[in-house]
Amino acid sequence: MIKAPSDLFGHTRAHVGARHALLTPNNHVGSVVPGISGATTVILINEAMGAKFAQVLVTFQKGGSAAAPANELETFGALLGGSATVLVGGKKERCGPGGFFFAPARQTWSLSAPTAGAQLLLFQKKYVPLAGVSGPRPLISDAARVKGVPFLGDPAANLQVLLPDEPAYDLAVNIFAYEPGGHLPFVEAHVMEHGLLMLDGEGVYRLEDSWYPVRAGDAIWMAPFCPQWFVAMGKQPARYLYYKDVNRPAL
Ligand code: UGY
Ligand code: MN
């Protein structure tokens, strides 16, 4: 039987430019990453794109695992679905969806016994020490334990700050939740770089001078000073998890 060809043949919502990028799940191609086995690993953002950090999506099969050596990289990991056992800095916890961990540089971490299909999103960067300040602490927690606050007083845009807001931490990872119609109050342009994964819902992201329809599963990179704005659309709230570099001198 002849099937009607898809109109999407040869088309994509993806865009990879010098100052911002959008990748959709339809663009994913796996990489073999040392330390990760029994999993499909997709490097969504890294230095090859122009970023100073990496954003990596790992989808485990049953029996898969991930382990990282002690090196100059610090790692934030968020469990998006399924469950797995996380070991960081002598702490061991079974994490479900919403669970997250932070492993400082020079600290090993591992994930084991994932359920089939468990998904882990990683943000990794080289730690930038701050004179006179000792390094950040390891952490295992859950987004459900983190209270959200209305962003700049707007109840339609709720922000959860997952890591301690202290000078020792040179990165922040937050969850933004928007009611349909909720939006960033203005077009931001700031020194902090972003890596972002849409968790739920849909909306429109403005990146530089382009507007992109985006939905759950999409990944976005914003270079420093990339003008950015978001409005949530549709019938359900939109949520995204995002990274930024923080707390370090301008020069
Ligand atoms: O933290 C932030 O800079 C955030 N307001 N940016 C964003 O959601 N694009
Ligand atoms: Mn921003």
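How far apart do the C-alpha centres of domain 1 and domain 2 lie? In this predicted model, the distance is 21 Å. To see the two parts, colour residues 29-144 as domain 1 and 147-245 as domain 2.

Next, select the interface. On the domain 1 side, 28 residues are in contact with 26 residues of domain 2. About 2,100 Å² is buried between domain 1 and domain 2, and carbon and sulfur atoms give 71% of that area.

Two salt bridges are found across the interface of domain 1 and domain 2. Eight residue pairs are in polar contact between the domains, counting pairs with both residues at pLDDT 80 or more. Strands that each supply at least two residues of the domain 1 side touching domain 2 include strand 4 (53-68) and strand 10 (119-126).

Now move to the aromatic residues. The model has 16 aromatic pairs. Select Phe176 and Tyr178, a stacked pair at 4.8 Å centre to centre with 20° between the planes. Phe176 and Tyr178 are both buried. From Tyr178, go on to Tyr240: this pair is tilted, at 5.5 Å centre to centre and 40° between the planes. Tyr178 belongs to strand 14 (residues 171-178) and Tyr240 to strand 20 (residues 238-245), so the pair links parts of the chain 62 residues apart. Tyr240 is buried, like Tyr178.

Technical notes: Residues numbered from 1 in each chain as written. Chains lettered and ligands numbered in written order. Predicted model: local features only at pLDDT ≥ 70, side-chain atom pairs only at ≥ 80, totals over all residues. Heavy atoms only, no water. Phe/Tyr/Trp six-rings, centres within 6.5 Å; stacked < 30°, edge-to-face > 60°. Buried < 20%, exposed > 50% of the residue type's maximum accessible area, 1.4 Å probe, protein only. Helix = DSSP H or I, 4+ residues; strand = E, 2+ residues; numbered from the N terminus. Domains from an automatic or database assignment. Contact = heavy atoms within 4.5 Å. Buried area = accessible area lost by both parts, 1.4 Å probe. Salt bridge = Lys/Arg side-chain N within 4 Å of Asp/Glu carboxyl O. Polar contact = N/O pair within 3.5 Å; in protein donor to acceptor, adjacent residues only side chain to side chain.
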